[in-house]
Amino acid sequence: MTSIRKQKNLINPCWIFVRYSICSLIFIHILSISGCSDELEPEIVAVDGKAIREEFGDRIDIHNLPNYANQPVPDYIKGDNGKDNPITDEGATLGRVLFYDKKLSIDNTLACASCHQQALAFSDSAVVSRGVQGGVTERHSMRLINARFNYEKKFFWDERAETLEDQTTMPMKDHAELGFSGQQGRPDFQDLLNKLQAVDYYNELFTLVYGDSLITEDRLQRALAQFVRSIQSFDSKYDEGYKQDFANFTESEKRGMELFTVLPQVPGGYRNGGGLGCFHCHRPPAFDIKPDAGNNGVIGVANKPGEIDITNTKAPTLRDIANPNGQLNGPLMHDGSVKTFSELMLAVGQQPFNPNRDPIMGEGSFNLHISEQEAEDLVAFLKTLSGKNVYTDERWSNPFRE
Ligand code: HEC
Ligand code: HEC
């Protein structure tokens, strides 16, 4: 048996009853239930962990959970969109199980991790990802690196999820993804909750995290968001360099950084000096997207030549677009249209007239005339932004037997 502290801000029905009786006694009926529960003291809950041991063996030891809650974050990283849902080791462990659990799909074939693979910085090598029963996603899967440190609180390429918490249950309800849509005879989200409620290891894990075994959408969201926010990557060459004025950089990497961080001079759409201005939207040192960045002019629709999509104004951090060997972790951009570094230079370097672009890029056609040397330097710099540990760390790996 292990004793753990239940997360404080959640409501336990027994406590509400006790508190409510006390409240009634002193005639403070106007206090709402949540008013009472705000004062809830952390409580000791017992979980014996038998079902967890049976399913996960020594891959999850509830007496000795890995550190998700107190990972070192460099002091120059300031953003944190998870302050309302602080990471705990228990919460992130539950999130990890959910992230890898194929029970989250209607036919037990797919999990979050099917489209967000650790070896690919939690993205997918396919342009669009395969969902349940022949479904495919409309856009390319996004890397889930340093999601916590984006100043932008909204998620998805088009920012349609208000928070990461909101985002996490959307793939479950998506007809093409995990399939609990309630459409065309498919089970709905309540059916998924019922399905998970009947699983013994979830009874134990939810009790470990929340003090009782009840599964709700809010509880799923909080645990999954904690796991996703725990995925961090700060062991790159750039991070080593940051502390020592980039003395570890090659001349080419230094020139690439300069190109990234200086605005171009493009009178009449023709660049005649300056850098390439990437920093304006992808902000060092987190390389997260500027919250009010506009469209970058990449307006294709995956696998639908001729159609356009101008709604995309978010990118994941530009850290870890490539793996430690310098290979891209998958195609880039919402439509997966950029498959090589050379294609990246073309996509950002020259564009036709486009009234929907971020005003900083102007609406006229432009050509940044990125020379071969400049391309080489910029790519060398982008590769310094990749870490190593995040690709293999067990904390973020599959806890199920394959
Ligand atoms: C079938 C493939 C698929 C599955 C399954 C899937 N995702 Fe995704 N994920 C995607 C795609 C594609 C996008 C981009 C979609 C868009 O923006 O329209 C995405 C985007 C995201 C984002 C947004 C990242 C950002 O920086 O804005 C998060 C977070 C995420 N997924 C987490 C999850 C979680 C958690 C699960 C499991 C509950 C999951 N995904 C299941 C394909 C998938
Ligand atoms: C006006 C803001 C802006 C500027 C300037 C800008 N970007 Fe972006 N960038 C974006 C947005 C928004 C996206 C997401 C676009 C999409 O997929 O529709 C993006 C996407 C990307 C991606 C793909 C990310 C991924 O996960 O697939 C890369 C790589 C990238 N930009 C590199 C650059 C480079 C290099 C420069 C400088 C030459 C640059 N960007 C300049 C806004 C900008």
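Modeller: The model is a predicted one, and its chain has 13 helices and eight strands.

Colleague: Turning to the helices, why is α4 called roughly antiparallel to α8?

Modeller: Helix α4 (residues 89-100) and helix α8 (residues 200-210) pack at an angle of about 155°, with their axes 8 Å apart. Since angles over 145 degrees count as roughly antiparallel, α4 is therefore roughly antiparallel to α8. The crossing in which α4 passes α8 is left-handed.

Colleague: Which residues of α4 and α8 meet?

Modeller: On the α4 side they are E90, G91, L94 and V97, and on the α8 side L205, F206, L208 and V209. By class, this contact has six nonpolar, one polar and one charged residues.

Colleague: How do you know that α8 is mostly covered?

Modeller: Nine of the eleven residues of α8 are buried, namely Y201, Y202, E204, L205, F206, T207, L208, V209 and Y210. To be called buried, a residue needs 20 or more other C-beta atoms within 10 Å of its own. After α8 comes G211, whose phi is positive, near 90°. For the chain as a whole, 41% of the 402 residues count as buried.

Colleague: Why is F189 called partly exposed?

Modeller: F189, which lies in helix α7 (residues 189-197), has 15 other C-beta atoms within 10 Å. A residue is buried at 20 or more and exposed at 12 or fewer, and partly exposed in between, so with its 15 F189 is partly exposed. Leaving aside residues up to four places away in sequence, F189 touches M172, K173 and F180. The C-alpha atoms of F189 and E217, which are 28 residues apart along the chain, are separated by 8.8 Å.

Colleague: Why does D245 count as exposed, and why is H369 called partly exposed?

Modeller: D245 has 8 C-beta neighbours inside 10 Å, and because 12 or fewer is the condition for exposed, D245 counts as exposed. H369 has 13 other C-beta atoms within 10 Å, and since this falls between the limits of 12 and 20, H369 is partly exposed.

Colleague: What is the phi of D245, and what is that of H369?

Modeller: D245, in the loop between α10 (237-242) and α11 (251-261), has a positive phi of about 55° although it is not a glycine. H369, in the loop between β8 (366-367) and α13 (372-383), has a phi near 45°, again a positive value in a residue other than glycine.

Colleague: Finally, which residues come nearest to ligand 1?

Modeller: Of the 31 residues around ligand 1, the nearest are C112, C115, F155, F156 and P171. Two or more residues of that shell come from each of α5 (112-115), α6 (164-173) and α9 (217-230), and α6 gives the most, with five. By class, the shell around ligand 1 has 18 nonpolar, nine polar and four charged residues.

Colleague: And how many residues surround ligand 2?

Modeller: Ligand 2 is surrounded by 26 residues, of which C278, C281, N312, L332 and D358 are the closest. The shell around ligand 2 divides into 16 nonpolar, eight polar and two charged residues.

How values were computed
Residues numbered from 1 in each chain as written. Chains lettered and ligands numbered in written order. Predicted model: local features only at pLDDT ≥ 70, side-chain atom pairs only at ≥ 80, totals over all residues. Near = placed C-beta within 6 Å. Nonpolar A, V, L, I, M, F, W, Y, C, P; charged D, E, K, R; others polar. Helix = DSSP H or I, 4+ residues; strand = E, 2+ residues; numbered from the N terminus. Axes fitted to C-alpha atoms, helices over the stretch in contact; angles between N-to-C directions. Parallel < 35°, antiparallel > 145°, perpendicular 65-115°, else oblique. Left-handed = near helix turned anticlockwise from the far one by under 90°. Contact = placed C-beta atoms within 7 Å.
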